[in-house]
Amino acid sequence: MTSFIACKTEQKKAYQSPEKAPNVLLIIADDLGAHDLSTTNSNYYETPHIDQIAAKGIQFDQGYASCQVCSPSRASIMTGKSPARHGITDWIGAKEGEAWRKTKRFNQLLPAYYQHQLDTNYITMPEAFKAHGYTTFFAGKWHVGGEGSLPEDHGFDINKGGFHAGSPHGGYFSPYKNPRLEDGPKGENLSSRLAQETVDFMRENKEKPFFACLSFYAVHGPIQTTEEKWRKYRDKALTQGIDSVGYKMGRFLPIRQHQDNPVYAGLVESMDDAVGKVLSGLEELGLSENTIVVFTGDNGGVAAGDAFSTSNYPLRGGKGYQFEGGLRTPYIIKVPWLKQSNIHSNVPVTHTDFYPTLLELTGLPLHPDQHQDGVSLAPLFVGETIDDRSIVWHYPHYGNQGGEPSSVIRAGKWKLIHYYEDNRNELYNLNEDVHEKQDLSNEYPNIVKKLSDDLFTYLNDLGAKYPERDNTWSEEKEERYLEKVRTKKMKSLEKKRMEMLAEDFQPNTDWWGSQRIVD
């Protein structure tokens, strides 16, 4: 069986800073698709500041979230453990077990139970840095626990805006309705405010090493933007051409087919503007040459469910899905002293790798008993290799976006998806079929068996939880529900899509409060 845990190799110094202890700035976007950036081949969204990070670092073109939804991925970033290991396998707040029936989805299975907060017994990544003299800072979305399991309970000295919620309760313009963030002037932009808090922290701590995590609520729904940005992207969509059909039906929900949502595009640009503010702050403070900058997302872009915001084409599906559109995310690391430029890597990497990678890049000791499912990517920065390994995803839930209870294993070019409703397997060759259109499971039964054995050996060794059959399930009731989705929901989404692209679109009198000040 391919090892899931890489052995620690002899430490290399070529990728470490020749001067003082480097700072770390970890930027996490929420629900941002793998192709939602200019640098990841979107020709609709504009992200010049994030593109700058990629232009001076390494862009991992096969970067993976640890889960297709947010809370599990965020817990994995902090711990270096897979969701099957730390137990947070769904977004915190999702219904589990028999409570799932309250959603009126009439599914065959009852989703597995999951942990509702991050265990404080773990030594998290910020705690590892703090133990070596780093000042630690968090701003933005947390969503891996409430009281007793907040950022300050997991190694962050300062917390601006992180609490139990996964979405911005007050929207993207002040007042924020956030118990961990004071309101700004009415109409202040949330992403900009979080960026400013980060810059202020760096200014106050520029004389000592810091670990800062800027975790945007953007681009999670409710999607909001200014009239100016909406008009820019509305005009751009019209120039590029509007397809008369915006959605195609998936198994449970319609899935958006095009990047032509001007409100979402404006939200993406506002987030990128905020990244620019932080990068400018690093320059002005003289910190840019000694600060590692990481940019990633927590899961695939929302193509179905929630705000139906984006398309992940050529990847299949989106947030919540077992397909590449749900699992792949932007994954960029800039190590300034290496003076790299527009480097692309095709090595499959995942969120659990950040913990050991950042420790090794900064010259700190690894914690292999903690980041058990991650490997250090540091050798890749100097042209070396890392051992082949398998990557596992475990999502025994339905979720809100149309994905199915499943577990996934990727080994080399092969990806196996196991579905819990009927215990079938699908097999894809990602080197030849990134669209996941051709199931090869019947052609390669030996590979299916090998990967399935590896997958369940791993999951069972960890005591992973699985969904159970709902003995009240009615095929007739589920079909009636799906027929409403195929007709009424589809029609509503197509109508809303065209309304957002209409010349007279106006969501309300003050564009969600953004008109009140100039941000």
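Modeller: Contact here means heavy atoms within 4.5 Å. The model is a predicted one.

Colleague: Leaving aside neighbours within four places in sequence, which residues is Y466 in contact with?
Modeller: Y466 is found in the loop between α10 (445-461) and β18 (468-469). Its C-alpha atom is separated by 9.1 Å from that of H394, 72 residues apart along the chain. With neighbours within four places left aside, the contacts of Y466 are A112, H394, P396, Y420, F456, L459 and N460.

Colleague: Is Y466 buried, partly exposed or exposed?
Modeller: Buried means under 20% relative accessible area and exposed means over 50%. Y466 has a relative accessible area of 26%.

Colleague: Which side chain does the side chain of N425 make a polar contact with?
Modeller: N425 lies in strand β17 (residues 425-429). Neighbours within four places aside, N425 is in contact with residues including L416, I417, H418 and D439. The polar contact, at 2.9 Å, is with the side chain of H418.

Colleague: What is the bridge partner of V24 in β10?
Modeller: Strand β1 (residues 23-29) and strand β10 (residues 291-297) run parallel. They are joined by 7 bridges. In β10, V24 has as its bridge partner I292.

Colleague: Why do the buried residues of α1 line one face of the helix?
Modeller: The buried residues of α1 are I50, D51, I53 and A54. Seen down the axis of α1, they line one face because they fall within an arc of 150°.

Colleague: How many residues of helix α2 are buried?
Modeller: Helix α2 (residues 70-79) is mostly covered. Its buried residues pack against β1, α3 (83-86), α4 (125-130), β7, β10 and α9 (354-361). The buried count for α2 is 10 of 10.

Colleague: Which residue is joined to G221 by a cis peptide bond?
Modeller: Most residues other than glycine have a negative phi, and most peptide bonds are trans. Between β7 and α6 (227-240) there is a loop, and the residue in question has its place there. Omega is about 10° for this bond, and the residue joined to G221 is P222.

Colleague: Is E436 buried or exposed?
Modeller: E436 is in the loop between β17 and α10. Its phi is positive, about 55°, although E436 is not a glycine. The relative accessible area of E436 is 0%, under the 20% cut-off, so E436 is buried.

Technical notes
Residues are numbered from 1 along each chain as its sequence is written. This is a predicted model: local features need pLDDT of at least 70, side-chain atom pairs count only at pLDDT 80 or more; totals for chains, interfaces and linings use all residues. Side-chain values use heavy atoms; hydrogens and water are left out. Two strands pair if DSSP finds at least two bridges between them. Helices (H or I, at least four residues) and strands (E, at least two) are DSSP runs, numbered from the N terminus. Buried means under 20% relative accessible area, exposed over 50%, partly exposed in between (1.4 Å probe, protein chains only). The arc is that of the directions from the helix axis to the C-beta atoms. A polar contact is a pair of N or O atoms within 3.5 Å; within protein, one must be able to donate a hydrogen and the other to accept it, and residues adjacent in sequence count only if both atoms are side-chain atoms.
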